[in-house]
Amino acid sequence: MAQLVVTDVSVRFGGITALDGLSFSVEPGQICGLIGPNGAGKTTLFNCVSRIYATTSGSITLGDTDLLSVPAHRIAHHGVARTFQNLGLFPSLTFLENTMAGAYANSRVGYLRALTRIGVAKEERILRTQAYELLDFLGLAHLAFEKAADQPFGTLKRLELARALASDPRLLLLDEPAGGLTHSEVDELTDVIRRVRDSFGLTVLLVEHHMAMVMGISDHVVAMNFGRKIADGPPEKVRQHPEVVSAYLGAPA
């Protein structure tokens, strides 16, 4: 487990300020919900933590690691994994193959060995076994050899979670995992996220518009609007903050 610390992070795209001096921290093992209206900067922060975007200023650390000094292609190696609002799976691959793809960031097989297939069989057997165990943990083992393209959206959301877990992360970023799910699927997902956090000892940062889910699952909530933090603390405190009420309901702050 590792603490995530975001300090004075700003991101500007030309004349647009997407993040404006954002600071907060997530304690080891916590589930932290990141909330705010569309355009608040939530996904921009995710893209900074996962090194898709560069920050204009500020720092982001995970434990002793300065994440902003890590090249994007090495971020998974340093314990950061994420899911995406829009699924980023390989439709033509099986559930098992999609899950195994998440583990290759920590594989010891280099480019030349992978290309020539020299000495890779043993490690692939290990990765295959670990991937199957993850699918079993998430109730997907019966679909291990089915193609991702043939399955419903809610099931594919769990598959993307399996792929993220395959990289053995310390920090798990979940970008709107409940988007497009039915009420029963959201309830099931809530239980799965708690179980994943407890079983794998993860710190979780969650972006989600489903307020009942966020307030029910989070140990800590950070509310944003226009790239700034407007509230920070336990769910019951953030829910009642005047600026949060204003941002969501349009009432005067």
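**Close-up views of the predicted model**

**T7 has S59 of strand 4 as its bridge partner.** Strands here (E, at least two residues) and helices (H or I, at least four) are DSSP runs, numbered from the N terminus, and two strands count as paired if DSSP finds at least two bridges between them. Residue numbers start from 1 along each chain as its sequence is written, and side-chain values use heavy atoms, with hydrogens and water left out. The T7–S59 pair belongs to the antiparallel pairing of strand 1 with strand 4, which extends over 5 bridges.

**The sheet of 4 strands is open and has the order 2-1-4-5.** Its pairing is antiparallel. Strand 2 (16–26) and strand 5 (65–66) form the edges, each pairing on one side only. Strand 1 (residues 4–13) is joined to strand 2 by 7 bridges, and these two run antiparallel. Helix 1 (residues 42–49) lies across strand 1, strand 2 and strand 4 (57–62), at about 70° to strand 2. Angles run from 0 to 180 degrees between N-to-C directions, and axes are lines fitted to C-alpha atoms, for helices over the stretch in contact.

**The hairpin of strand 1 and strand 2 has 2 residues between the strands.** Within this hairpin, G14 takes a positive phi near 65°. R12 has T17 of strand 2 as its bridge partner, and V6 stands opposite F24 of strand 2.

**The sheet of 6 strands is open, with mixed pairing and the order 6-7-8-3-9-10.** Strand 6 and strand 10 (228–233) each have a single partner strand, so one side of each of these edge strands has no neighbour in the sheet. On average, neighbouring strands are turned by 20° against each other, direction ignored. Helix 5 packs on this sheet and touches strand 6 and strand 7; its direction makes about 155° with that of strand 7. Strands of a sheet pair through backbone hydrogen bonds, in either a parallel or an antiparallel sense.

**Strand 9 (residues 220–225) runs parallel to strand 3 (residues 31–35), the two being joined by 4 bridges.** G33 has V221 of strand 9 as its bridge partner. Strand 9 also pairs with strand 10, in the antiparallel sense, over 5 bridges; in that pairing A223 has A231 as its bridge partner. The hairpin of strand 9 and strand 10 has 2 residues between the strands, and F226 takes a positive phi near 50° there.

**The axes of helix 5 and helix 6 (residues 183–200) come within 11 Å and cross at roughly 10°.** Helix 5 and helix 6 are therefore roughly parallel to each other (angles under 35 degrees count as roughly parallel, over 145 as roughly antiparallel, 65 to 115 as roughly perpendicular and the rest as oblique). Helix 5 contributes G154, R158, L161 and L165 to the contact, and helix 6 contributes E185, E188, V192, V196 and F200 (contact means heavy atoms within 4.5 Å). These residues divide into 5 nonpolar, 1 polar and 3 charged. Ala, Val, Leu, Ile, Met, Phe, Trp, Tyr, Cys and Pro count as nonpolar, Asp, Glu, Lys and Arg as charged, and the others, Gly among them, as polar.

**The largest pocket has a volume of about 330 Å³.** Among its 18 lining residues, A76, V80, A81, R82 and F84 are the closest to the centre. Strand 6 (80–82) and helix 5 (153–165) each give at least two residues to this lining, which by class has 12 nonpolar, 3 polar and 3 charged residues. On a 1 Å grid over the protein atoms alone, a pocket is an open set of points with protein on both sides within 12 Å along at least five of seven lines, a cavity is a set where a 1.4 Å probe fits but cannot get out, and lining residues have an atom within 4 Å of a point. Grid points are joined across faces, edges and corners, and a volume is the space filled by probe spheres set on the points.

**The largest cavity holds about 70 Å³ of space.** The count is 1 cavity of 30 Å³ or more. Helix 5, strand 7 (171–175) and helix 6 each give two or more residues to the lining of the largest cavity, and helix 5 has the largest share, 3 residues. Lining residues include T83, F84, K157, E160, L161, L189 and I193. By class, this lining has 6 nonpolar, 1 polar and 4 charged residues.

Terms used:
This is a predicted model: local features need pLDDT of at least 70, side-chain atom pairs count only at pLDDT 80 or more; totals for chains, interfaces and linings use all residues.
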